[in-house]
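Biologist: I would like to learn how to read the features of a structure, one at a time. Could we begin as soon as it is on the screen?

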Amino acid sequence: MATLPNPLPRLASDPSGRSLGLQLPPGRLIDGCDDSSDGPVLWHAEHAAAPGNWTALGGRATRAGLLPVLVDVGGGQGGPEKWELMPGEASYPGDHDAEDVLADFWEPTEEDEGDWDDETAELLAPFGPDWPGLAPSPALTMDPAACAAQVADLLTDGSASWPEKAHLALVPARRSADLPAALGWPGPLNHTDDVARLCAVLRSWEDRFGIRVVALGFDLLAVSVAAPPTTAVEAEAVAAEHFAFCPDNITQGPGSLREYARELVGARVWHFWWD
């Protein structure tokens, strides 16, 4: 994974972040579990995030080379210090093509003609065994940065079932889509052993749907969506990408792509979970 200069080590001697132009609350630095990282890979606040925190810190942090993300320090797996973050295991997202990645994840269902049975056809209707291609880009209906801040506020106002305990974190990364790879986040390990492949898809979603990575848990991801699909047909095309990206969303959720697509129309946040 190609890396930027890492400002986080400076916080060890300057916890307030003043030398970076920041005013940080009390927090902690988290190291990766491999030897590849240049110092800590993540800082997160000691106290739970509240509405307004993202906006108050996010802009200044970005100028310092750090991107905001909410991390769930609750749940059975604990916080990011227990996630076995291994940035050295991730490749560079820019080395992968989003459509190739999605097609590869879709196509195992067609390796053997017998795999595409009536149950699979019902699950993935209206699509067949051939990868249907990328969904078209709807028009932006909100500024992506403003949408991310709005979603962050919704996830920290006490009304969301997840994250259980959201704390604001900062990660050195080039763009929001690269955050999982910059951390070496193992959340989708049962789906792919190189999270950068999924980051390539997130980059494509940044370009087409104005997404931003807003929250990470042990195996959960939430992104804000500035240009959600507005019709059933558009949503079904997006749902096909979601199935390739995270099959558990459909197979352990609504049970069919069409039912799942209904949830995407106009949705400002997409959630993903890998079993």
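Modeller: Start with a charge and a ring. The charged end of Arg197 sits over the ring of Phe105, 4.8 Å from the ring's centre. Keep in mind that this is a predicted model.

Biologist: What is the count of aromatic pairs?

Modeller: The count comes to 11 aromatic pairs. In one of them, the rings of Trp106 and Phe127 have centres 6.4 Å apart and planes at 85°. Planes over 60 degrees apart count as edge-to-face, so the pair of Trp106 and Phe127 is edge-to-face.

Biologist: Where do Trp106 and Phe127 lie?

Modeller: Trp106 is in helix H3 (residues 98-106), while Phe127 is in the loop between helix H4 (118-124) and helix H5 (144-155). The pair therefore ties together parts that are 21 residues apart in sequence. Both Trp106 and Phe127 are buried.

Biologist: How are the rings of Trp106 and Trp131 arranged?

Modeller: Their centres are 5.7 Å apart and their planes are at 65°, so this pair is edge-to-face. Trp131 lies in the loop between H4 and H5 and Trp106 in helix H3, so the pair ties together parts that are 25 residues apart in sequence. Trp131 is buried, and so is Trp106.

Biologist: Which residues form one aromatic cluster?

Modeller: The cluster is formed by Trp185, Trp205, Phe209, Phe245, Trp270, Phe272 and Trp274. Phe245 is also one of the buried residues of H8.

Biologist: How should I read the length of a helix such as H8?

Modeller: Compare its reach with the span expected at 1.5 Å a residue. Helix H8 (residues 232-245) has 14 residues and reaches 19 Å from its first C-alpha to its last, close to the expected 20 Å.

Biologist: Is H8 largely enclosed or open, and how many of its residues are buried?

Modeller: Of the 14 residues of H8, 11 are buried, so the helix is largely enclosed by the rest of the structure. Among the buried ones are Ala235, Val238, His242 and Phe243.

Biologist: How does helix H7 read by its span?

Modeller: Helix H7 (residues 195-209) has 15 residues. From its first C-alpha to its last, H7 reaches 20 Å, close to the 21 Å expected. H7 is mostly covered, with 13 of its 15 residues buried. Gly210 follows H7 and has a positive phi, near 65°.

Biologist: Now the charged pairs. How many salt bridges does the count come to?

Modeller: The count comes to 7 salt bridges. One of them joins the side chains of Glu206 and Arg175, at 2.7 Å from N to O. This pair links distant parts of the chain: Glu206 is in helix H7, and Arg175 is in the loop between strand S4 (166-171) and helix H6 (179-183), 31 residues apart.

Biologist: Are Glu206 and Arg175 buried or partly exposed?

Modeller: Buried means under 20% relative accessible area. Glu206, at 12% relative accessibility, therefore counts as buried. Arg175, at 25%, counts as partly exposed. Arg175, Glu206 and Asp207 are linked in a network of salt bridges.

Biologist: With which residue does Asp178 form a salt bridge?

Modeller: The partner of Asp178 is Arg203, with the closest N and O atoms 2.8 Å apart. Asp178 is in the loop between S4 and H6 and Arg203 is in helix H7, so to read the bridge, note that the pair links distant parts of the chain, 25 residues apart. Asp178 is buried, with a relative accessible area of 1%. Arg203 counts as buried at 13%.

Biologist: With which residue does Arg258 form a salt bridge?

Modeller: Arg258 forms a salt bridge with Glu236, and the closest N and O atoms are 3.6 Å apart. Arg258 lies in helix H10 (residues 257-264) and Glu236 in helix H8, so the pair ties together parts that are 22 residues apart in sequence. Arg258 is partly exposed, with a relative accessible area of 39%, whereas Glu236 is buried, at 16%.

Biologist: What is a disulfide, and how many does the count come to here?

Modeller: A disulfide is a covalent bond between the sulfur atoms of two cysteines. Here the count comes to 0 disulfides. For Cys33, the nearest cysteine sulfur is that of Cys199, 18 Å away. For Cys199, the nearest is that of Cys246, 14 Å away. Cys199 counts as buried, at 1% relative accessibility, whereas Cys33 counts as partly exposed, at 47%.

How values were computed:
Residues are numbered from 1 along each chain as its sequence is written. This is a predicted model: local features need pLDDT of at least 70, side-chain atom pairs count only at pLDDT 80 or more; totals for chains, interfaces and linings use all residues. Side-chain values use heavy atoms; hydrogens and water are left out. Helices (H or I, at least four residues) and strands (E, at least two) are DSSP runs, numbered from the N terminus. The expected span of a helix is 1.5 Å times one less than its number of residues. Buried means under 20% relative accessible area, exposed over 50%, partly exposed in between (1.4 Å probe, protein chains only). A disulfide is a pair of cysteine sulfur atoms within 2.5 Å. A salt bridge is a side-chain nitrogen of Lys or Arg within 4 Å of a carboxyl oxygen of Asp or Glu. Rings of Phe, Tyr and Trp (its six-membered ring) pair if their centres lie within 6.5 Å; planes under 30 degrees apart count as stacked, over 60 as edge-to-face and the rest as tilted. A charge sits over a ring if NZ of Lys or CZ of Arg is within 6 Å of the ring centre and within 35 degrees of the ring normal.
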